Amino acid sequence: MRLYDHIYVKAPPWSVWEVLSDPNLMESWNPKCLRCHAGNGPFGVGSVYEATFRLGGGPERLAICMIEEYQCNKLLTTKYSGPAFKMGGYVKETYRLMPKGKGTKVKHVVDFDHSGLPITIQLIAKIIHTVGYSVGKGPLDGVKELVEKNRCHRKCNTPTFSDQ
């Protein structure tokens, strides 16, 4: 099962990329992320870090996160595995950035195909995502808010963030 979403951000791709590509900023834009321990960059394919999530009001879950795809200003795929998943399961999350007018369209895909979640739970999640309604902010809302409220001054692999 895959969940698809997208959002338009009034900022260039490099500005959105600055937020998405630095795991240390995840807590500030992803409401499901409680803590993220990524150390200092630069980050790229093969980078590994830990994050603690709470999904749907459930318990805190530790995930081992590994960056699998990293195309500066364009594409970021992270694989989440570890104690949060049963029997070697994992989830992949992809953000694709595309220039659109004076801003950026951000496409977001979460792939649960190998998560180990029972198919009934996956189907319920898909139905809620498709026909349900959003309660509170999601990760894309957090990215949009953070990017549009801050001016970002970073080029790829040079971790500095300014909210001036």
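**Cavity lining**

I looked up which elements line the largest cavity, and H2, E5 and E6 each supply at least two residues. E5 gives the largest share of that lining, three residues. I took helices (H or I, at least four residues) and strands (E, at least two) as DSSP runs numbered from the N terminus. This is a predicted model, where local features need pLDDT of at least 70, side-chain atom pairs count only at pLDDT 80 or more, and totals for chains, interfaces and linings use all residues. Residues are numbered from 1 along each chain as its sequence is written, and side-chain values use heavy atoms, with hydrogens and water left out.

How many cavities of 30 Å³ or more are there? I get one. About 100 Å³ of space lies in the largest cavity. Of its 13 lining residues, Leu 20, Tyr 49, Leu 76, Thr 78 and Tyr 80 are the closest to the centre. My rule: on a 1 Å grid over the protein atoms alone, a cavity is a set of points where a 1.4 Å probe fits but cannot get out, and lining residues have an atom within 4 Å of a point. Grid points are joined across faces, edges and corners, and a volume is the space filled by probe spheres set on the points.

**Thr 78**

Next I followed Thr 78, which sits in strand E5 (residues 75-81). Is Thr 78 buried or exposed? Thr 78 counts as buried because its relative accessibility is 5%; the cut-offs are under 20% for buried, over 50% for exposed and partly exposed in between (1.4 Å probe, protein chains only). Leaving aside neighbours within four places in sequence, I found Thr 78 in contact with Tyr 49, Cys 65, Met 66, Ile 67, Val 91, Lys 92 and Glu 93. Contact means heavy atoms within 4.5 Å.

**The whole chain**

Stepping back, I noted four helices and seven strands, in the order β-α-α-β-β-β-β-β-β-α-α. Of the 164 residues, 40% count as buried. Among contacts between residues at least 6 apart in sequence, 47% join residues at least 24 apart.

**Helix H4**

In H4 (residues 139-149), I marked Pro 139, Leu 140, Gly 142, Val 143, Leu 146 and Val 147 as buried. Seen down the helix axis, these buried residues fall within an arc of 160°, so they line one face of H4. The arc is taken from the directions from the helix axis to the C-beta atoms. What covers them includes strand E1 (2-9), helix H1 (13-20), helix H2 (26-29), strand E6 (91-100) and strand E7 (103-111).

**Arg 54**

Arg 54 belongs to strand E3 (residues 48-54) and is partly exposed, at 36% relative accessibility. Beyond its neighbours within four places in sequence, Arg 54 is in contact with Lys 32, Leu 34, Pro 59 and Glu 60. Lys 32 is 22 residues away along the chain, yet the two C-alpha atoms are separated by 5.3 Å. With Glu 60, I found a side chain to side chain polar contact at 3.4 Å. Such a contact is a pair of N or O atoms within 3.5 Å; within protein, one must be able to donate a hydrogen and the other to accept it, and residues adjacent in sequence count only if both atoms are side-chain atoms.

**Asn 73**

Last stop: the loop between strand E4 (60-71) and E5, where I found Asn 73. Most residues other than glycine have a negative phi. Asn 73 is not a glycine, but has a positive phi of about 65°. At 26% relative accessibility, Asn 73 counts as partly exposed.

Notes
1 Å grid on protein atoms, 1.4 Å probe; cavity = no way out; pocket = protein on both sides within 12 Å on 5 of 7 lines; lining within 4 Å.
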